[in-house]
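Subject: Structure for your review

Hello,

Here is the structure I promised to hand over. Please open it first; my notes follow below.

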Amino acid sequence: HTTTTAPRRRRTSARRIMAPAYMAPVSTTVAAFGPQNNACYILALAPSSDGALLAASLSTNSVKVYARGEGGAMSALVELAGHGGPVTDVCFPLPHEPSAVLTSSDDGTVRLWDCRAAGSAGSAGGGGGG
């Protein structure tokens, strides 16, 4: 007499996702200003895989990339401009290449930037050019 049992299902438990220490807020007030001191909105934030860079996509059609300095202070590294609409999302897609930044915009394009060569980007999309 043989008994068959159903395969055991692996039980998964919900895990609490914690932000890495390098992303801990240092202030409760965030202000961003665009050209001619016009207020702009931060639409997305993305840290690089090593935590050395932080990219902010802006409603002013650009992305600002900041570098972490000594003591954790952030300083502006480069501004990536070229989209024809607000930049809706940003990420560092290649963990082994922290200078690569991927952006998408309301203009219908996606661009891959190299922070080392500010202003150079490849683009794809069907929106407002690029």
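**The sheet**

Strand 1 and strand 2 run antiparallel and are paired over five bridges. Strands here are DSSP runs of E, at least two residues long, numbered from the N terminus. Two strands count as paired if DSSP finds at least two bridges between them. Within this pair, leucine 45 faces alanine 56 of strand 2.

Some ground rules. This is a predicted model, so local features need pLDDT of at least 70 and side-chain atom pairs count only at pLDDT 80 or more, while totals for chains, interfaces and linings use all residues. Residues are numbered from 1 along each chain as its sequence is written, and side-chain values use heavy atoms, with hydrogens and water left out.

Back to the sheet. Strand 2 and strand 3 are also antiparallel, again over five bridges. Alanine 55 has valine 65 of strand 3 as its bridge partner. Strand 3 and strand 4 are antiparallel too, joined by seven bridges. Here valine 65 sits opposite valine 78 of strand 4.

Taken together, this is an open sheet of four strands, in the order 1-2-3-4, with antiparallel pairing. Strand 1 (42–47) and strand 4 (74–81) are the edges. Each has a single partner strand, so one side of each lacks a neighbour in the sheet. From one strand to the next, the twist averages 20° (axes are lines fitted to C-alpha atoms; angles run from 0 to 180 degrees between N-to-C directions).

**Turns and loops**

Three residues separate strand 2 from strand 3 in their hairpin. Asparagine 61 lies in that loop, between strand 2 (53–58) and strand 3 (62–68). Its phi is near 70°, positive in a residue other than glycine. Most residues other than glycine have a negative phi.

The hairpin of strand 3 and strand 4 has five residues between the strands. There, glycine 71 takes a positive phi near 75°.

Cysteine 40 lies in the segment before strand 1. Cysteine 40 is buried, at 8% relative accessible area. Cysteine 40 and asparagine 61 are 21 residues apart in sequence, but 9.7 Å apart in space, C-alpha to C-alpha.

Serine 48 is in the loop between strand 1 and strand 2. Serine 48 is buried, at a relative accessible area of 1%. The side chains of serine 48 and aspartate 50 make a polar contact of 2.6 Å. A polar contact is a pair of N or O atoms within 3.5 Å; within protein, one must be able to donate a hydrogen and the other to accept it, and residues adjacent in sequence count only if both atoms are side-chain atoms.

**Around valine 65**

Valine 65 touches residues including Leu53, Ala55, Val78, Leu80, Val101 and Cys115, not counting residues up to four places away in sequence. Contact means heavy atoms within 4.5 Å.

**Confidence**

The chain has a mean pLDDT of 74, and 60% of its residues reach 70 or more (pLDDT is the predictor's confidence in each residue, from 0 to 100). Confidence is highest in strand 6 (residues 100–105), at 93, and lowest in strand 8 (residues 121–125), at a mean of 52. Over residues 12–19, pLDDT stays under 50, and the model has zero contacts there beyond four places in sequence.

Best regards

How values were computed:
Buried < 20%, exposed > 50% of the residue type's maximum accessible area, 1.4 Å probe, protein only.
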